[in-house]
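Here is a short tour of charged side chains and how they pair up, written for someone who likes to think in atoms. Have the coordinates open as you read.

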Amino acid sequence: MSIQNLEPLLACRRALVIGDPQEPLQVSCLDQLQETARECRIVRSRREISEAPINGAIAVVFEPRLLDARLVDTLGANGCRGVLWISNETIAPELLQASRPHRLRFIGPRTAGHLHSSGIRAGAFPTDVHTGGLALITQSGSIATAAIDWAVGRGIGFSWAVTTGAEADADIADFLDLAALDPRTRAVILQVGRLRSARKFMSAARACARLKPVVVLQSRVGGYADLSGPDPVRSAAFARAGLVECQTLDGLFDALTAMARLPTSSEARVLVLGNGAGMCALGVDAVLRHGLTRARCDDSLRERMRKLVPRVRFPDGAVDLGTTTPEQLIEMLRLLLGDAAIDYLLLVQSPSLAEAHEPYVDALIDANLGPRVVTAWLGLASVVTVRKRSIDAGLATFVTAGQAARALQYRWLYGRTRELLMQTPPARERRRFRRADAQLEIDTALAKAGPGTRVSMRSDAVDRVLDHYSLPPADADPGSLRFDFSIEQHAELGAHLIVSATSDLLHSPIGYGFAPLDALLATRMIESMRLPLSAELANALRRVLYALAQMVIDLPQVVSLHLMLALNEAGGLVRLGDGRVELDSNLPSDARSRLVLAPYPEQLQRHAVVRNGNAYLLRPIRPEDEPALVALLESLRPEDIRLRFFASIRYFSHEMAARMTQIDYDRELILVALPAGDDTRLCAVAHLVSDPYGEEAEFAVLVHHDHTGTGLGHRLMDELLAHARRQGLRRVHGDVLRENQPMLQLARRMGFRVDRSNEEPDTVRVVIDLPAA
């Protein structure tokens, strides 16, 4: 159901309370409802529920015994906005079933409520929550309450906050989709206790992280029962989705300030200013400890600063101000903010009997220097008032230099993570593996063992399977450095890849990854081992990872695999000992859930001959197609560009091209057409993107002018509509300029109707309804 009806649920101002509160959380929830709702009515019997005015209200359930499937149907039919299940009792399946025809959404069970900047407060939250640009999505009510309370104390506001509880219906992925589309939300703070649907979560997380920062805290281990600390497989998944992970609850608090108060920087060059050598040393140490870059002042800037403060000193990466007046401090900061080589100024001030903090804070507030100045007022008793005054004025203020540096790290990591998320992978050789032969070996091993069993393959059969995927053959141990490769299963995230290196003297850090892999993702896994490797060896290791990732996609019965490789005297990789492969014939009922990320849809590749006899290869776009896509776009006539993009575009940026090539195949499809026999030149692009409700999709088609009039556009539209039907979509639409008569004629020939004029007077919307599957 995705985000269907979630925004109206959160923003609703009327409440129908079912039953009396049974515990302190519910008492608090009722108090807040009565304080913030336009109307709050309590019903205590089934008759009262059926007779209550429901339209436009949310139902808040304190006593589940009062609700049955018939009444849920009544709620939905009478315009209820959603159900907030503030009870520990599970939601009966028949209630969820009765809600589906009306698309009535449930939050809970065990939700601690929600709040909305233009709606109600329903939960045990502070009463003076500020309005702001952060969305808070948690599964834990206690963590949400702590985070909101902390944010109130720092003057940080929310667009909305929700606790999803045990997630019988709406889950954190749904709310990530909502946050991605919400124009009031600038950044998202997320807490994950468990992943209900890992593939759905990854799809929503990737979509949201491309648009705005998402910081995540995992509060409970996911796949390793004996693990203390963050689950590394989850952490790898978060990084793959573009999320920034914080490790602790106080780190989450710092993230709140970072997302609300600090600007993003791709380099995070930080210059520390302190009122003493010790303060400078603390600040620089914090900057380096959190992976940030020390900024430095050039000679000309130092001379100008000495004219302002003659006794100023310049430790590496810092400025020791010594004793200054508030006016001198402000002039120094203004001078440094004019240096383009400095991204942030970290002011670390220690209490001093000779210098009270208050005049300096007042000077900073009056100067209004902007968000690049970050302050850490050290001490306790003497600085409580100072910190509060600084926070109330909207300054990014922290208790220690370490907390300030950690907040800067989160902001920098978002920019870096997003950059990595959008990088274009280089083209790689695509080897043809013998999947059918490998599957035959697996089927034979499972047939001998019988149905419903879990078996280990014999070593000779393992050798043949590995050979079918071009993995190195077995040989004697030629050296001391060995590489361990594994396919393992995670309780939430399913099949994942592991690589590490061992020798008599070391065991490298472990690299984790998920299929599918491209060259960049495989390289990052290898870099995780932190070893100096030659380019030839790194290429060989990448080829092994490609093969294993393809095995994960191709061979669903392989639940675990382990092999150890080493270098031979010729510099190639050989296998040491026998590889181990474990099989399980019990496949998940939903084949999609087996993989946490949508693989490249090879099955959509087609060879097409159009009406003029031209032959084309039609296939889904790949991330490495970016250079070819840019070449296609730059070769178009200006008029063709305007008709497709509704604007004149002279330069196609990497970011724009990356958005069209690095797609989530679960959510959108971009088909490209290539002339038969030419793997490098694109001549057409067709785009279909589904809405977050999973009901409707928007199309767009672009054909190079050398290939128009051939029937290629018609064939691409046929493929898009066929895919939409397979996805269960109800309709497909497109916005077309009124003057684009060829596109309008094509749409009419294919059964589209002109449904309505779009908001722009020079465009129309064409729509086609698709039959139910």
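In this predicted model, the side chains of R753 and D755 meet in a salt bridge, with 3.4 Å from N to O. R753 is partly exposed at 36% relative accessibility, and D755 is also partly exposed, at 40%.

Two further pairs join parts of the chain that lie well apart in sequence. The side chains of R642 and E739 form a salt bridge at 2.4 Å, N to O. R642 sits in helix α22 (residues 638-645), while E739 belongs to the loop between β31 (731-737) and α25 (741-749), so this pair ties together parts that are 97 residues apart in sequence. R642 is partly exposed, with a relative accessibility of 23%, and E739 is partly exposed at 45%.

E719 and R606 make another salt bridge through their side chains, at 3.7 Å from N to O. Here helix α24 (residues 712-726) supplies E719 and strand β26 (residues 606-609) supplies R606, so the bridge links parts that are 113 residues apart in sequence. Is E719 buried or exposed? With 10% relative accessibility, E719 counts as buried, because the cut-off for buried is under 20%. R606, in turn, is partly exposed, with a relative accessible area of 24%.

| Salt bridge | N to O distance |
|---|---|
| R753 and D755 | 3.4 Å |
| R642 and E739 | 2.4 Å |
| E719 and R606 | 3.7 Å |

How many salt bridges does the model hold? The count comes to 52, taking a Lys or Arg side-chain nitrogen within 4 Å of an Asp or Glu carboxyl oxygen as the rule. Some of these charged residues are linked in a network: R105, D169, D171, D174, R196 and K200 are connected by salt bridges.

Where does D68 lie? Its place is in the loop between β3 (58-61) and α4 (69-77). The side chain of D68 reaches the backbone nitrogen of L71 at 2.9 Å. Which residues does D68 contact once its neighbours within four places in sequence are left aside? They are R46 and L95. For a sense of scale, D68 and S480 are 412 residues apart in sequence, and their C-alpha atoms are 67 Å apart in space.

Definitions and conventions
Residues numbered from 1 in each chain as written. Predicted model: local features only at pLDDT ≥ 70, side-chain atom pairs only at ≥ 80, totals over all residues. Heavy atoms only, no water. Helix = DSSP H or I, 4+ residues; strand = E, 2+ residues; numbered from the N terminus. Buried < 20%, exposed > 50% of the residue type's maximum accessible area, 1.4 Å probe, protein only. Contact = heavy atoms within 4.5 Å. Polar contact = N/O pair within 3.5 Å; in protein donor to acceptor, adjacent residues only side chain to side chain.
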